[in-house]
Structure formats: structure tokens, C-alpha cells
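Let us walk through a protein model step by step. Keep the structure in view as you read.

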Amino acid sequence: MNIIDELTWRDAINQQTNEERLRELVDEKSISLYCGVDPTGDSMHIGHLIPFMMMKRFQLAGHHPYILIGGGTGTIGDPSGRKTERVLQTMEQVQHNVDALSNQMRKLFGKDANITFVNNYDWLSKISLLEFLRDYGKNFNINTMLAKDIVASRLEVGISFTEFTYQILQSIDFLHLHKTYDVQLQIGGADQWGNITAGLDLIRKLEGPEAEAFGLTIPLMLKADGTKFGKTAGGAIWLDPEKTSPFEFYQFWLNQDDRDVVKYLKFFTFLSQEEIEDLAKKVETEPEKREAQRRLAEEVTRFVHSEEDLKEAQKITEALFSGNIKELNAAEIAQGFGKMPNVEISSKPENIVELLVSTKIEPSKRQAREDVSNGAISINGDRVTDLNFVIDPSKEFDGKFVVIRKGKKNYFLAKVVD
């Protein structure tokens, strides 16, 4: 299947320029294409992942992706999607973020694969102010720039000249990559359409109207309820395992709504059309089995993290579902229970009733005695009914944690603090 036709089937194209010629071109030869990300932070979240999944599809189809890390534009800040000016970062912070994002990209695309990493600081930093104004600024019409959505949305509250010029810098990127590496296609999110078309205009003005360059944007991802994809009550879902553990990452995908899961299978997995259509039927006929969600969680966790991280996430999930947490080690306990209610305890052994009250898991000794006697309290996976039971934190999980369950679903992670 032609890569453009595949993206169309996956509902992954929002807008594109000269669709017919681009479809012909990707059949005729291997093309070079690029997508950029600014180092505004030291990790991408899953919203950032969407256009890069498309880049990965082009890579697998035999085309050559250029991943642009915006070490130059990251010092300025893209106004897109923002209502106020960005707080400028120090050059040291920008470089730290560049290094971190580069490592994430290499993990996703492979260090030795058909891919090139570039940093726009390498060419933007060499342009003098006069060169910027004479060679580039002269080719941009202010009225046209004001009409771009990313600028127009900010005019009411105001936009600095710095952020106003961002689309010129991104256009220079496209021009530079087109001239230097014969990059013919830029991919971006739906909000990047104005920047992409500005780059195409600049290429044709300076390289001639016959220059073949194209733009393609990805649709804005919304959940079935109309809310923005990728956000949870706990915040963004990060690709960095230190910010969002592989277990939390796996759970995010596992808990997707039936109304969204097929769309996400198309966007975020490399499963075939036949496999996805088969899973779609199972969503309709056997939704209680949640097979599509499990497959989605498996595929994306394996891609972003690793097979080992996936197996660990599945192990923690099974332990939480069954209540048998004794098979977990301290690191797995930290992953599985890290976002659950936390309390702090001493490393000294303590009577179960006293500990339940001192940590405020129970409101009173009377209630604590009643719940213990009724079998409502479990310690490290074992139900305890003895009011004289002594909890010794040193016995489980390297002496770092005690896992307390009250009732069927209320878990508390007691962290040993001394």
C-alpha cells in the first residue's frame, strides 16, 4: 500500500499540499522528510509522539526521516497553542533538553537505522541580523503572517516580535534542509500548518516555482468525550520512564474507552489493517474482554520502552488484579503503588492497630480494631485478623515499603523513612 494511502486509511492526515503529486513521488523513489520538536522540556509526552509515529511509518516504508531538534528555535519559543509569551530558558537548559530529546528519538527510531538527526542551532546561530532581514525577512509579507492562525489567535492579547518571527525561523529550517539534504516533505501537528506553508512559500521564492516540496499535518487528537488526548488527572503521560513509569504508561493505554481504542490502534501501532479490523470487531462483539485495549497497551509500551518494561508492567498489573503482590520486588512496588495514597512509617516494628491510626488510614482505634477483626485489612498481600499482629517493615520489599490494603480496592503505600 502506498504510504499516503496507508496514512489516509489510518485517518492520520489533516491537511496536505498537492496530494496527487506526493502520492506519485513516494512511489517513484525514496524521499527525505522531516519533523521538528523544540526542546522546551527534557521529555516528550504522548501528544508529541503523534507526528513522529507518522515519521516512523515513512521510515519503515523505505523513506529517510530527518529529526530536527530545535536547539535554535527552542531559545525563542513557538507561539502555537499558547495564550501568553513563553518564559525564555537559559542556553544551558536548552542544551540539556536537546540532549535528552535526542536520546529519546534515537531510542524510538534506532541509532543505526535510515535516519538523520539535525539541530537547527547549527545554521540559525550563524545568521546575522542583517542577513536575517535582507535574505529572509524581505520574503515575508506582514499581512500574510498576521493571517496565520498561530499569530491571529494571539493578536488580541499581544505577541512579541520574538515569537512573531518564529514562522520565519521554521521556514528557514525547511529551506536549509531542502537545499542541503533534498528534504521534500515536512510533517507536523495540525497547529503547524501555517508554519509549514510559510516554509513552502519561501522555498519556491528562493529556489524557483518548480521546486518540489510538500507539507502534511496530523489531525488534532481528541477523545470521544471531546477532551484533549494525552491528559489525565495526574497530568501529561511522558515518554521518560522517570516521569511516567512504564507501568503507568501501560495502564494509560489499557484503560482507553471502547469508543477510542480503534482510532488509537490506527495511530499508535504498526499492526496491519487486517489485525486492526479484527480487533475492531471484538470491541463490538466482546467488549468485556478488552482485547483491543490490551493489544494497544502492549504495542505502544513495547515501542516506547522495551519488551522487558512491558513484561514488568504486565506483572505488576496482574499482581494488583489478583491481590498477590508478594511476587513483586521493591522497584515494582514503587512503580505499581507510587501514585496511590502514600504514608510514612518508621522502620521499627509496630502493632497493626497503632500503625493504622498513626498513619490516619483508620480514623480511630475502634474502627481499626473492627476492620482488622472483620478481615478488611491486608498487609503485604496477607489478610490479617489478629489485633496483636506486629508489622515489621524490614521483612518485605528490601525494608523500603509496607503495602496496606483496606477493603477490596483501597491500597496505601507506607514508605519507610528511617
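Begin with confidence. Helices (H or I, at least four residues) and strands (E, at least two) are DSSP runs, numbered from the N terminus. Over the protein, the mean pLDDT is 89, and 97% of the residues reach 70 or more.

Some ground rules come next. This is a predicted model, in which local features need pLDDT of at least 70 and side-chain atom pairs count only at pLDDT 80 or more, while totals for chains, interfaces and linings use all residues. Residues are numbered from 1 along each chain as its sequence is written, and side-chain values use heavy atoms, with hydrogens and water left out.

Now step back to the whole protein. It has 19 helices and 15 strands. Its C-alpha trace spans about 85 × 50 × 40 Å along the principal axes. Of its 418 residues, 49% are buried. Buried means under 20% relative accessible area, exposed means over 50%, and partly exposed lies in between (1.4 Å probe, protein chains only). Contact means heavy atoms within 4.5 Å. Take the contacts between residues at least 6 apart in sequence: 72% of them join residues at least 24 apart.

What about the surface? The protein exposes about 20,200 Å², and carbon and sulfur atoms supply 49% of that. Accessible areas come from the Shrake-Rupley method with a 1.4 Å probe; for residues, only the protein chains shown count as cover.

Move on to helix 11 (residues 193-207). It has 15 residues. From its first C-alpha to its last it reaches 21 Å, close to the 21 Å expected at 1.5 Å a residue. The expected span is 1.5 Å times one less than the number of residues. Which residues of helix 11 are buried? They are Gly-194, Asn-195, Ile-196, Thr-197, Ala-198, Gly-199, Leu-200, Leu-202 and Ile-203. The buried residues of helix 11 pack against several elements, including helix 6 (129-136), helix 10 and strand 5 (183-189). After helix 11 comes Gly-208, with a positive phi near 105 degrees.

Helix 10 (residues 166-181) holds Gln-167. Is Gln-167 buried or exposed? Gln-167 counts as buried because its relative accessibility is 1%. Setting aside neighbours within four places in sequence, Gln-167 is in contact with Met-145, Lys-148, Val-151, Asn-195 and Ala-198. Asn-195 and Ala-198 are among the buried residues of helix 11.

The loop between helix 10 and strand 5 holds Asp-182. Its phi is near 55 degrees, a positive value in a residue other than glycine. Most residues other than glycine have a negative phi. Asp-182 counts as partly exposed because its relative accessible area is 41%. Asn-380 also has a positive phi, near 50 degrees. Look for Asn-380 in the loop between strand 11 (377-379) and strand 12 (382-383). At 7% relative accessibility, Asn-380 is buried.

Next, find helix 16 (residues 307-322). Its 16 residues reach 23 Å from first C-alpha to last, close to the 22 Å expected at 1.5 Å a residue. Leu-310, Ala-313, Ile-316, Thr-317, Ala-319 and Leu-320 are its buried residues. An α-helix has 3.6 residues a turn, so residues three or four places apart point the same way. The buried residues of helix 16 pack against helix 12 (246-254), helix 15 (291-304), helix 17 (330-337) and strand 15 (410-416). Phe-321 is in helix 16 too. At 74% relative accessible area, Phe-321 is exposed. Phe-321 and Lys-409 are 88 residues apart in sequence, but 9.5 Å apart in space, C-alpha to C-alpha. Just after helix 16, Gly-323 takes a positive phi of about 85 degrees.

Lys-266 lies in helix 13 (residues 258-268). Lys-266 is buried because its relative accessible area is 15%. Beyond neighbours within four places in sequence, its contacts are Trp-9, Arg-10, Asp-11, Arg-57 and Ile-276. Glu-288 lies in the loop between helix 14 (273-285) and helix 15. Glu-288 is exposed, at 60% relative accessibility.

Notes
pLDDT is the predictor's confidence in each residue, from 0 to 100.
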